[in-house]
Amino acid sequence: MCDSCGCEPNAPTITIYSPGGDKHSHIEQTHTPKQIQVQRDLLSGNNSIAKRNRAFFSDHNIKVLNLVSSPGSGKTTFLTETIKRTTQTISVIEGDQQTANDAKRIKATGTKVVQVNTGSGCHLDAGMIARAIKQLQPEDNSTCMIENVGNLVCPALFDLGESAKIVIISVTEGDDKPEKYPAMFHAAKICIINKMDLLPYVNFKLTTCKRLARQVNPELIFFEVSAINGAGMTKWIDWLEDN
Ligand SMILES: Nc1nc2c(ncn2[C@@H]2O[C@H](COP(=O)(O)OP(=O)(O)OP(=O)(O)O)[C@@H](O)[C@H]2O)c(=O)[nH]1
Ligand SMILES: [Mg+2]
């Protein structure tokens with residue numbers, strides 16, 4: 001995925017295991033590890049547009065929250081339930097590779113929405129947001145929610161000019177995700193643990209998930225919710241309206 005979009009900005013470590021020595025030896029004992037470091041800085045262009053986006057949002061007093069998660073963790077459901085419960089004026093930028101399915105779900109709530117389709121791209125970038133904002137025209141003193149492409153890796157790396165990233169993890173994904181995908185949990189200010197209604201049926205320990213997430217980001221603020229049955233949503237809405 002990242003090979004095609006080129007979104008790995010830091011120094012990926014590629015370990016090549018090449019067979020060597022006695023060809024009759026067991027292959028795992030004869031591998032020679034080599035490490036190749038590749039340095040890239042593909043983010044400087046993105047960051048300068050993100051800076052302009054942030055200045056625009058600040059000038060118009062628009063709070064911008066960037067929802068990031070794996071596919072299917074419940075971003076759109078969480079958004080529609082948030083929109084139904086809050087008194088804030090909300091507008092939405094939807095990001096997906098294909099379809100306007102999520103934009104239609106947001107539109108059904110009566111909320112202003114723009115869909116961005118990234119094609120083969122696995123994340124939104126600051127330029128996409130700048131163009132989407134021109135169409136969306138969010139009101140001054142409002143909140144704009146961005147639903148990023150479902151992907152727990154690349155969206156962590158791209159500053160969109162947002163006020164904060166919100167990572168959503170659902171209990172069906174496994175409690176080790178903060179350890180396996182630390183960049184996302186490091187970049188986020190808020191962590192929503194969703195699908196709490198399914199907790200009794202899955203092998204997911206809340207304490208483990210939170211401990212691993214706090215190891216990469218001690219400041220992370222958690223909300224445990226079920227976007228489907230509304231449990232925990234009041235606490236989240238209180239935070240949204242107070243911050
Ligand atoms: N049981 C349960 N199901 C949920 C909850 N939240 C979302 N779902 C279901 O999970 C599935 C995916 O939800 P979406 O809101 O489409 O997830 P998403 O993160 O927006 O998905 P993508 O945009 O494709 O990445 C749907 O079938 C939802 O009904 C929840 O709190 N509990
Ligand atoms: Mg969605």
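User: How do the residues of the shell around ligand 1 divide into nonpolar, polar and charged?
Analyst: In this predicted model, the shell around ligand 1 has 4 nonpolar, 9 polar and 4 charged residues.

User: And how many residues surround ligand 1, and which are the closest?
Analyst: Ligand 1 is surrounded by 17 residues. The closest are Gly 74, Lys 75, Thr 76, Thr 77 and Gly 150.

User: Which helix gives the most to that shell?
Analyst: That would be α4, residues 75-85, which contributes 3 residues to the shell around ligand 1.

User: Okay, stepping back. What pLDDT does the protein average?
Analyst: The average is 89, and 83% of the residues score at least 70.

User: Where does pLDDT stay under 50?
Analyst: Over residues 23-40. For that stretch the model has 25 contacts beyond four places in sequence.

User: Thanks. How many helices and strands are there in the protein?
Analyst: The protein has 10 helices and 9 strands. Of its 243 residues, 37% are buried. As for contacts with a separation of 6 or more, 73% of them join residues 24 or more positions apart.

User: Let's look at α6. Which of its residues are buried?
Analyst: Helix α6 covers residues 126-136, and its buried residues are Ala 126, Met 128, Ile 129, Ala 132 and Ile 133. Viewed down the axis of α6, these buried residues fall within an arc of 145°, so they line one face of the helix.

User: Tell me about α3 and α6, then. At what angle do their axes cross?
Analyst: The crossing is at roughly 35°, and the axes come within 8 Å. By class, the contact of α3 with α6 has 5 nonpolar, 3 polar and 1 charged residues.

User: Which residues meet there?
Analyst: From α3 you have Asn 46, Ile 49, Ala 50, Arg 52 and Asn 53. They meet Ala 126, Gly 127, Ile 129 and Ala 130 of α6.

User: Why does Asn 141 count as exposed?
Analyst: Because Asn 141 has 11 C-beta neighbours inside 10 Å, and a residue is exposed if that number is 12 or fewer.

User: What about Asn 61, what phi does it have?
Analyst: Asn 61 is not a glycine either, and its phi is positive, about 50°. You'll find Asn 61 in the loop between α3 and β3 (63-69). With 10 C-beta neighbours inside 10 Å, Asn 61 counts as exposed.

User: Now Val 149. Where is it found?
Analyst: Val 149 is in the loop between β6 and β7 (164-170).

User: Is Val 149 buried or exposed?
Analyst: Val 149 is buried, because 21 other C-beta atoms lie within 10 Å. Leaving aside neighbours within four places in sequence, Val 149 is in contact with several residues, among them Gly 95, Asp 96, Thr 118, His 123 and Pro 155. Val 149 and Pro 71 are 78 residues apart in sequence, with 7.7 Å between their C-alpha atoms.

User: Last one: in which strand is the place of Ile 221?
Analyst: Ile 221 belongs to β9, residues 221-224. With 15 C-beta neighbours inside 10 Å, Ile 221 counts as partly exposed. Not counting residues up to four places away in sequence, Ile 221 touches Lys 189 and Ile 190. Ile 221 and Ile 192 are 29 residues apart in sequence and 8.4 Å apart in space, C-alpha to C-alpha.

Key: Residues numbered from 1 in each chain as written. Chains lettered and ligands numbered in written order. Predicted model: local features only at pLDDT ≥ 70, side-chain atom pairs only at ≥ 80, totals over all residues. Near = placed C-beta within 6 Å. Helix = DSSP H or I, 4+ residues; strand = E, 2+ residues; numbered from the N terminus. Nonpolar A, V, L, I, M, F, W, Y, C, P; charged D, E, K, R; others polar. pLDDT = per-residue confidence, 0-100. Contact = placed C-beta atoms within 7 Å. Buried ≥ 20, exposed ≤ 12 C-beta atoms within 10 Å, placed from the backbone. Arc of directions from axis to C-beta. Axes fitted to C-alpha atoms, helices over the stretch in contact; angles between N-to-C directions.
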